[in-house]
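Open your viewer and get ready to click along with this tour. At each stop there is something to select and something to look for.

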Amino acid sequence: MALTFSEVEASVLAVAGEDEPRAVTILGSTGSIGCNTVDLLAREPGRWRVEALTGNRNVSLLAEQARLLKPRFVAIADESCFAALREALEGTGIEVAAGRAAVIEAACRPADWVMAAIVGAAGLEPTLAAARRGAVVALANKECLVCAGELMMAEMNAHGATLLPVDSEHSAIFQVFDFSQAEKVERIVLTASGGPFRQSSLTEMARMTPSQAVAHPNWEMGAKISIDSATMMNKGLELIEAHHIFAVPEEKIDILVHPQSVIHSMVSYVDGSVLAQLGTPDMRTPIAYALGWPQRMTAPSPRLDLAAIASLTFEQPDPERFPALRLARQALRAGGAVPTLLNAANEVAVQSFLAGEIGFLDIARTVEETLSAVANTSLTSIEDVLDRDRAGREAAVRIVAGLSGR
Ligand code: NAD
Ligand code: MG
């Protein structure tokens, strides 16, 4: 039997009351979410004991973070970076390791709280490892719920893990969702900034370059999620993420464009009440919510000045210019391996766009063609997920080759 949120809250508070620093790990500490998490930890050093940090290739940043936070263990995914990292941390007493297994080991080490901030399906196994030892998992890595949502939620439940959403929309929903009467929730409204091409025509979008696409109007984020915001696949992935976290069916989740990114999402109830969470677009607010949970902790995010903003506006997303929204809804409705294939194809397509191999509109095209090319199957294990992730990537690579050869 899984613990309820209030039982977990009570046990977390009991630990917090012992004046022991809370043991924390950051998977993907060198990324945008990782750096924001490091920033929060460094502001209250006595409050945390850092167990592990991980990165992919950025040796100098990972070493700098390790010198600052003094973790027991540091893992770098790219094995060719091992020697440089070991040298950079020589004499510190910090254990250093490299490779995919080392990143999973970081997740297995004893930390009460694990930030899952690796980008893409690469985060699946490490996040799962943290879930399987019943940790509190602060989840930024939405792709792992998209490609393995049912299995991940089942593993979390089976091992008494606690999922705290970090994605700003899901953190907002989590803060206003009445878990004690979930059946009284009528709809969830995910807000979306609309990204940098909200007002661009299809002809203009076809010509957009990677640097134009990563320039998000409101948020500073890693390259992959910035491109996902420009295609609005990010909102499609978030739809699937919300479905798994809050157990709300696809047809009860709306997507609403709100260019100011002040209302981070909303929940509407059977009595007509709509509850929202607001704030400036600074990820340190939702990260602090997950880090301090079940209590609130101070975050340095700029404060909201509604009089200065003056007006909040809303519009429907345009399904013609943003076909990724339709593809994500279709994938969620189809279930099985389709969301896994959607995610895999999208990762390949975004990388190919960033590498200048395909055009901006080819991203959604690649995803759509991958979904037509690969048959749906059911997923009964993580091995099935990894297998379908590979199949989706292989199909997408072939489709990209066709598109880039035009
Ligand atoms: P990022 O690209 O800035 O950082 C990604 C991190 O993952 C880095 O530490 C990188 O070293 C690591 N990494 C990349 N490939 C890896 C691999 N193969 N093995 C191990 N580690 C690897 O990305 P980000 O913007 O910080 O986003 C991280 C996750 O959080 C994504 O899933 C994203 O969708 C989600 N998210 C981000 C934001 C944001 O504001 N940046 C907001 C909401 C959700
Ligand atoms: Mg988000």
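Start by selecting α8, the helix that gives the lining of the largest cavity its largest share, three residues. Helices here are DSSP runs of H or I with at least four residues, strands are runs of E with at least two, and both are numbered from the N terminus.

Before going on, a word on what is on your screen: this is a predicted model, where local features need pLDDT of at least 70 and side-chain atom pairs count only at pLDDT 80 or more, while totals for chains, interfaces and linings use all residues. Residues are numbered from 1 along each chain as its sequence is written, chains are lettered from A and ligands numbered from 1 in the order in which they are written, and side-chain values use heavy atoms, with hydrogens and water left out.

**Stop 1: the cavity**

How many cavities of 30 Å³ or more does a search of the whole structure find? The search finds one, and its volume is about 60 Å³. A cavity is a set of points, on a 1 Å grid over the protein atoms alone, where a 1.4 Å probe fits but cannot get out; lining residues have an atom within 4 Å of a point. Points are joined across faces, edges and corners, and the volume is the space filled by probe spheres set on them.

Now select the lining: Ser168, Ser171, Gln175, Trp219, His264, Gln277, Thr280, Pro281, Asp282, Thr285 and Pro286. Colour the lining by class and you get three nonpolar, seven polar and one charged residues. In this scheme Ala, Val, Leu, Ile, Met, Phe, Trp, Tyr, Cys and Pro are nonpolar, Asp, Glu, Lys and Arg are charged, and the others, Gly among them, are polar.

Stay with α8 for a moment. Is this helix mostly covered or uncovered? It is mostly covered, with nine of its nine residues buried, including Glu169 and Phe174. Buried means under 20% relative accessible area, exposed over 50%, and partly exposed in between (1.4 Å probe, protein chains only).

**Stop 2: ligand 1**

Next, select ligand 1 and the 22 residues around it, of which Thr30, Ser32, Ile33, Glu143 and Gly222 come nearest. A residue belongs here if one of its heavy atoms lies within 4 Å of the ligand.

Zoom in on the oxygen atoms of the ligand. One is 2.8 Å from an N or O atom in the side chain of Thr30. There is also an oxygen 2.9 Å from a polar backbone atom of Ser32, and an oxygen 3.2 Å from a polar backbone atom of Gly28. The protein covers 86% of the 820 Å² of accessible area that ligand 1 has on its own, by the Shrake-Rupley method with a 1.4 Å probe.

**Stop 3: backbone details**

Select Trp293 and Pro294: the peptide bond from one to the other is cis, with omega near 10°. Pro294 sits in the loop between α13 and α14 (306–309).

Then go to Lys70, in the loop between α3 (59–69) and β3 (73–76). Lys70 is not a glycine, yet its phi is positive, about 50°. At 60% relative accessibility, Lys70 is exposed.

Finish at Ala310, in the loop between α14 and α15 (324–334). Its phi is near 70°, again positive in a residue other than glycine, and Ala310 is exposed, with a relative accessible area of 66%.

Definitions and conventions. On a 1 Å grid over the protein atoms alone, a cavity is a set of points where a 1.4 Å probe fits but cannot get out, and a pocket is an open set with protein on both sides within 12 Å along at least five of seven lines; lining residues have an atom within 4 Å of a point. A polar contact is a pair of N or O atoms within 3.5 Å; within protein, one must be able to donate a hydrogen and the other to accept it, and residues adjacent in sequence count only if both atoms are side-chain atoms.
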